[in-house]
Amino acid sequence: MLIVAWEVTAACNLSCGYCRASASPLPDAEELSTEEALSFLDSIASLKPMLILSGGEPLLRPDIFQIARRSTALGMRVSLASNGTTITPHVADEIATSGISRVSISLDGAAPEKHDLIRGKGSFQAAMRGLESLRGKVDFQINNTITSRNEADVALIFDLAQRVGACALHFFFLVATGRGREADLISPERQEQLLIEIERERELRSLEVQVTCAPQYARIARPGKGRAGGCLAGKSFVFVSRKGDVYPCGYFPLRVGNIREKNFIEIWENATELKALRARILKGKCGRCNFSGICGGCRARAYAETGDFLGPDPACRLEV
């Protein structure tokens with residue numbers, strides 16, 4: 001299934017330290033209008049994608065539930081990626097009735113101290129109130145971005161996700177894009193340790209677990225709950241910006257087209273860069289690796305650090 005992540009707005013009520021979108025308090029003046037948004041949905045309907053509505057904070061877009069209702073009416077499975085702080089019982093009811101099937105809430109620590117350090121004072125408790133408002137109305141998952149600031153919290157995040165009733169836990173390994181800083185990255189050796197820890201915890205839990213931007217997890221994870229890895233960028237995942245620009249993923253700032261200029265399906269099927277990502281003729285150690293078929297390295301990280309999206313993933317500790 002094709003996954004389309006759509007950054008519906010730049011507006012956000014928080015200012016997170018590593019924000020991929022470099023979000024701001026106000027929407028971008030060039031964001032897709034309601035008419036353009038609905039037309040975009042009509043243009044991708046035949047693909048029956050899974051649609052992720054993200055931001056910024058998507059709940060700050062006034063027409064977000066109109067967008068969600070149109071998407072579900074067209075047969076798409078729709079998820080909402082939120083910081084959780086604006087979700088009240090009333091908003092949770094609107095989410096449920098709009099047809100959104102899952103909400104992801106970003107938590108960067110298992111307690112206020114670490115989360116609030118990254119996202120702002122009071123944001124942890126506000127996100128927890130959002131989770132409570134969703135309980136029994138809409139499935140929710142927790143998204144946790146692993147950085148040098150919170151790398152010790154993996155087991156605690158698992159505990160929290162189970163305690164609050166999350167249906168899934170998704171880990172993201174930071175790529176230095178947007179406001180993401182090199183100083184927040186972890187070493188290849190530490191990433192390997194954390195992937196092993198994630199797999200060990202996954203074996204003990206009932207949660208669906210996924211890992212993003214560390215496709216090396218594919219050679220560590222046993223078959224089971226959730227997708228075990230491999231970079232999906234440009235293969236079965238694509239990102240559409242608030243201005244309609246199309247990228248292989250949200251951490252991969254390589255523009256391959258714009259839906260204001262060309263039909264999305266034409267971009268998806270014909271963009272040269274997307275074809276290259278699907279062919280996966282990789283260079284350096286990723287090209288020589290026995291695991292290239294199931295892993296392939298993080299193409300966004302290779303691009304961020306070397307300028308070559310087919311080059312080796314610098315976050316992998318293997319030398320082949």
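In which sense do strands E8 and E9 pair, and over how many bridges? E8 (residues 237-240) and E9 (residues 245-247) pair in the antiparallel sense over two bridges. The views below come from a predicted model, in which local features need pLDDT of at least 70, side-chain atom pairs count only at pLDDT 80 or more, and totals for chains, interfaces and linings use all residues. Residues are numbered from 1 along each chain as its sequence is written, and side-chain values use heavy atoms, with hydrogens and water left out.

**View 1. The open sheet has 10 strands with mixed pairing.** The strand order is E7-E6-E5-E4-E3-E2-E1-E8-E9-E10. Strands (E, at least two residues) and helices (H or I, at least four) are DSSP runs, numbered from the N terminus. Two strands count as paired if DSSP finds at least two bridges between them. E7 (208-212) and E10 (257-258) stand at the edges with a single partner strand each, so one side of each has no neighbour in the sheet.

**View 2. Strand E8 pairs with E1 and with E9.** E1 (residues 3-7) runs parallel to E8, and four bridges join them. Trp 6 has Val 240 as its bridge partner in E8, and Val 240 also stands opposite Val 246 in E9. Val 246 in turn stands opposite Gly 257 in E10; E9 and E10 run antiparallel and are joined by two bridges. Phe 237 and Phe 239 point one way from E8, while Val 238 and Val 240 point the other way, and all are buried. Buried means under 20% relative accessible area, exposed over 50%, and partly exposed in between (1.4 Å probe, protein chains only). Four residues separate E8 from E9 in their hairpin, and Gly 244 in the turn has a positive phi of about 95°.

**View 3. Helices H2 and H3 come within 9 Å of each other, axis to axis.** The axes of H2 (residues 64-73) and H3 (residues 89-98) cross at roughly 25°. Axes are lines fitted to C-alpha atoms, for helices over the stretch in contact, and angles run from 0 to 180 degrees between N-to-C directions. H2 and H3 are therefore roughly parallel to each other (angles under 35 degrees). Phe 65, Ala 68, Arg 69 and Thr 72 of H2 meet Val 91, Glu 94, Ile 95 and Ser 98 of H3. These contact residues divide into four nonpolar, two polar and two charged. Ala, Val, Leu, Ile, Met, Phe, Trp, Tyr, Cys and Pro count as nonpolar, Asp, Glu, Lys and Arg as charged, and the others, Gly among them, as polar.

**View 4. Ile 64 is found in helix H2.** Ile 64 counts as buried, at 1% relative accessibility. Leaving aside residues up to four places away in sequence, Ile 64 touches Val 8, Leu 53, Pro 58, Leu 59 and Leu 80, where contact means heavy atoms within 4.5 Å. Thr 9 is 55 residues from Ile 64 in sequence and 9.7 Å away in space, C-alpha to C-alpha.

**View 5. The buried residues of helix H4 pack against E4 and H5.** In H4 (residues 112-119), the buried residues are His 115, Asp 116, Ile 118 and Arg 119. They cover an arc of only 165° around the axis, which puts them on the same side of H4; the arc is that of the directions from the helix axis to the C-beta atoms. Glu 113 and Leu 117, on the other side of H4, are exposed.

Technical notes
Parallel < 35°, antiparallel > 145°, perpendicular 65-115°, else oblique.
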